[in-house]
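Please look over the sequence and the three-dimensional model below before reading the report.

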Amino acid sequence: SNPTSHGEIPLVLIPGHRSVFTGTGWWMTIPSGVSCLMQKWGRHTEIAKPGGSITPPWYRIAYIVTQQSCNYNAPVKECPTSDNVRVGVDCLIVFSIREADQFVYNLGATKFNTYLAGAVEEAIRVLVRQTSHDKVRELRGSQAKSLL
């Protein structure tokens, strides 16, 4: 997927409706590498399997959710250490969406971004606040266990 003008890559796509009156209205192709949430008359039915099939137009792909690992950059500026020295921390988080239907229908990409940004910033601030300024560089690498 290509980044937007802001450098963002979408996690969820919403395709347009199929038409009964076109030649491809009954043919549905499900791509691989994504989770396609199917709906019948607007109600969730299943996560479709990759491939092609003849499917009535009242079945539609409502959402396409990436299965790739995604990067999330979380910079925290002016974070105080245990000895009150202000430092900047840049954290990179790699995640993937495992339950696409739960993600789309219960959380959503916008709420996820807000939740993840807040949770990561708070966890980084707590971790750095417990560390003195001369030990901050030792936090490099995988600190996932201490952040969770």
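The report that follows goes from the whole chain to its strands, its helices and its surface.

This is a predicted model, in which local features need pLDDT of at least 70, side-chain atom pairs count only at pLDDT 80 or more, and totals for chains, interfaces and linings use all residues. Residues are numbered from 1 along each chain as its sequence is written, and side-chain values use heavy atoms, with hydrogens and water left out.

**The chain as a whole**

The secondary structure comes to three helices and eight strands, where helices (H or I, at least four residues) and strands (E, at least two) are DSSP runs numbered from the N terminus. Read from the N terminus, the elements follow the order β-β-β-β-β-β-β-β-α-α-α. Of the 148 residues in the chain, 30% are buried; here buried means under 20% relative accessible area, exposed means over 50%, and partly exposed lies in between, with a 1.4 Å probe and protein chains only. Among the contacts with a separation of 6 or more, 61% are between residues 24 or more positions apart, a contact being heavy atoms within 4.5 Å. The accessible surface of the chain comes to about 10,400 Å², and 53% of this belongs to carbon and sulfur atoms; such areas come from the Shrake-Rupley method with a 1.4 Å probe, and for residues only the protein chains shown count as cover.

**Strands and their pairing**

Strands of a sheet pair through backbone hydrogen bonds, either parallel or antiparallel. In this report two strands pair if DSSP finds at least two bridges between them. Four strands form an open sheet in the order 1-6-3-4, with antiparallel pairing. Strand 1 and strand 4 (43–48) stand at the edges with a single partner strand each, so one side of each is left without a neighbour in the sheet. Strand 1 is joined to strand 6 by two bridges, and these strands run antiparallel.

Strand 6 also holds Ile64, which counts as buried because its relative accessibility is 17%. Leaving aside residues up to four places away in sequence, Ile64 touches Leu11, Val12, Leu13, Pro15, Val34, Ser35 and Cys36. The C-alpha atoms of Ile64 and Ile47, which are 17 residues apart along the chain, are separated by 9.7 Å.

Strand 7 (residues 70–80) and strand 8 (residues 86–95) pair in the antiparallel sense over nine bridges. Their hairpin has five residues between the strands, and within the hairpin Asn84 takes a positive phi near 60°. Strand 2 pairs with strand 5 (residues 51–54), again in the antiparallel sense, over four bridges. Some residues that stand opposite each other in these pairs are listed here.

| Residue | Partner residue | Strand of the partner |
|---|---|---|
| Trp27 | Ile54 | strand 5 |
| Val76 | Val89 | strand 8 |

**Helices**

In helix 1 (residues 100–107), the buried residues are Ala100, Phe103 and Val104. Because they cover an arc of only 90° around the axis, they lie on the same side of helix 1; the arc is that of the directions from the helix axis to the C-beta atoms. The elements covering these buried residues include strand 1 (12–13), strand 3 (34–40), strand 6 (59–66) and helix 2 (109–129). Just after helix 1, Gly108 takes a positive phi of about 85°.

Helix 2 contains both Glu121 and Arg125, four residues apart, which is about one turn of the helix. Glu121 forms a salt bridge with Arg125, and the closest N and O atoms are 3.2 Å apart. A salt bridge is taken as a side-chain nitrogen of Lys or Arg within 4 Å of a carboxyl oxygen of Asp or Glu, and by this rule the count comes to one. Glu121 is partly exposed, at 35% relative accessibility, and Arg125 is partly exposed as well, with a relative accessible area of 25%.

**The nonpolar surface**

Trp27 lies in strand 2 (residues 27–30), a strand with a covered face of Met28 and Ile30 and an uncovered one of Trp27 and Thr29. With a relative accessible area of 46%, Trp27 is partly exposed. Together with Val20, Phe21, Trp26, Trp41, Ile54 and Trp58, Trp27 forms a nonpolar patch on the surface, with about 930 Å² of accessible area together. Patches are made of residues with over 30% relative accessible area and no salt bridge, like charges being joined within 9 Å and nonpolar side chains (Val, Leu, Ile, Met, Phe, Trp, Tyr) within 5 Å.
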